[in-house]
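Let's take a friendly walk through a protein model. Have a look at the sequence and the 3D view, and then we'll go through a few spots together.

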Amino acid sequence: MTPVEVVEYAQKKGLEAIAITDHDTVDGIREALERGREIGLDVLPGLEISAECPYGTMHLLGYCVDTESSFLKEKLKFLQKVRLERNLTILKKLSDRGIDLDYDKVVDLADGGQIGRLHFSRIMMMEGYTATSREAFHTYLKKGAPTYVDKFRFQPEEVIGLILDCKGIPVLAHPCTLGDLTQGVLKNVVERLVALGLQGIEIYYPDHRDDQIALYKKLADTYGLLITGGSDFHGENKPGVEIGVYGEDTELSLSLTDTLRDFRGKLHSRIPFQYNF
């Protein structure tokens with residue numbers, strides 16, 4: 001879905017507010033905000049960026065970012081450049097295994113959006129190389145699979161600094177993807193991120209178990225972090241994941257949007273520096 005379509009879909013599902021946090025891009029945010037105002041849905045601007053980490057996968061969210069920041073656009077342009085290079089390497093690896101895809105078809109499928117492995121998997125299904133896109137992803141494209149290509153990532157301090165520089169709120173997304181860390185190791189990871197400027201932690205997420213939610217709440221309380229949640233909705237690319245659904249009988253209060261905006265104002269009134277890397 002386009003960001004505008006996501007906004008319209010969220011309203012149909014009865015939501016009153018959402019955040020658009022696409023990977024490595026803020027394209028479409030302006031249109032989403034405008035459509036939200038037209039139909040009465042509160043839309044928070046944001047983005048999601050991967051960070052280098054020795055444990056599993058680390059994603060950092062930036063809520064309420066200034067999407068017109070020239071510094072942000074410069075860094076996102078670089079990430080999009082290395083993403084293209086990665087995609088072309090994936091294409092070559094697939095070709096070496098007898099899977100010849102037309103990259104123009106992959107681009108058309110993305111319809112102007114970010115191109116990633118999910119687009120490759122869908123084209124592979126459509127071209128008859130696999131029965132389903134899920135099969136294509138897990139057989140060829142996921143981490144550890146034969147045509148997987150690792151991607152460039154900024155260091156956590158660079159991502160957090162970038163989000164702070166463009167007046168956003170840096171939040172650790174779905175900590176479960178860091179892997180099955182001991183409580184002590186996870187605490188050390190969060191403590192280091194807090195020292196770098198982390199301001200929140202995503203507690204409510206479809207894959208979080210009750211014991212994980214309890215642990216993340218404890219960490220949020222220990223370090224005075226904001227509590228957020230997200231469905232990680234990806235439309236047809238993530239079957240079974242519905243927008244606005246974070247877990248069984250879990251709903252986030254609408255007041256969180258005001259909390260984020262108020263917190264942003266207070267946070268950036270006391271941050272006097274501009275971060276550069």
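## The cavity and who lines it

S2 and H3 each give at least two residues to the lining of the largest cavity. H3 is the top contributor, with four residues. Keep in mind that we're looking at a predicted model here.

How many cavities of 30 Å³ or more are there? The count comes to one, and the largest cavity holds about 90 Å³ of space. Why can we talk about empty space at all? Rolling a probe the size of a water molecule over the atoms shows where empty space is left.

The residues lining the largest cavity include Asp24, Ile49, Leu79, Arg83, Lys151 and Phe154. Sorted by class, the lining has five nonpolar, one polar and five charged residues.

## Strand S3 and its partners

Now for S3. Strand S2 (residues 42-51) pairs with S3 in the antiparallel sense, over six bridges. S3 is also joined to S4, again running antiparallel, by four bridges. Tyr63 shows up in both pairings: Tyr63 is the bridge partner of Gly46, and in S4 the bridge partner of Tyr63 is Ile169.

The hairpin of S2 and S3 has six residues between the strands, and there Gly56 takes a positive phi near 50°.

## Two loop residues with a positive phi

Cys64 isn't a glycine, yet its phi is positive, at about 60°. You'll find Cys64 in the loop between strand S3 (58-63) and helix H3 (70-96). Is Cys64 buried or exposed? Cys64 counts as buried because its relative accessibility is 7%, and the cut-off for buried is under 20%.

Lys167 is another residue other than glycine with a positive phi, this one near 65°. The loop between helix H7 (156-165) and strand S4 (169-172) is where Lys167 sits. With a relative accessible area of 37%, Lys167 is partly exposed, since that label covers values between the buried limit of under 20% and the exposed limit of over 50%.

Key. Residues are numbered from 1 along each chain as its sequence is written. This is a predicted model: local features need pLDDT of at least 70, side-chain atom pairs count only at pLDDT 80 or more; totals for chains, interfaces and linings use all residues. Side-chain values use heavy atoms; hydrogens and water are left out. Buried means under 20% relative accessible area, exposed over 50%, partly exposed in between (1.4 Å probe, protein chains only). Two strands pair if DSSP finds at least two bridges between them. On a 1 Å grid over the protein atoms alone, a cavity is a set of points where a 1.4 Å probe fits but cannot get out, and a pocket is an open set with protein on both sides within 12 Å along at least five of seven lines; lining residues have an atom within 4 Å of a point. Grid points are joined across faces, edges and corners, and a volume is the space filled by probe spheres set on the points. Ala, Val, Leu, Ile, Met, Phe, Trp, Tyr, Cys and Pro count as nonpolar, Asp, Glu, Lys and Arg as charged, and the others, Gly among them, as polar.
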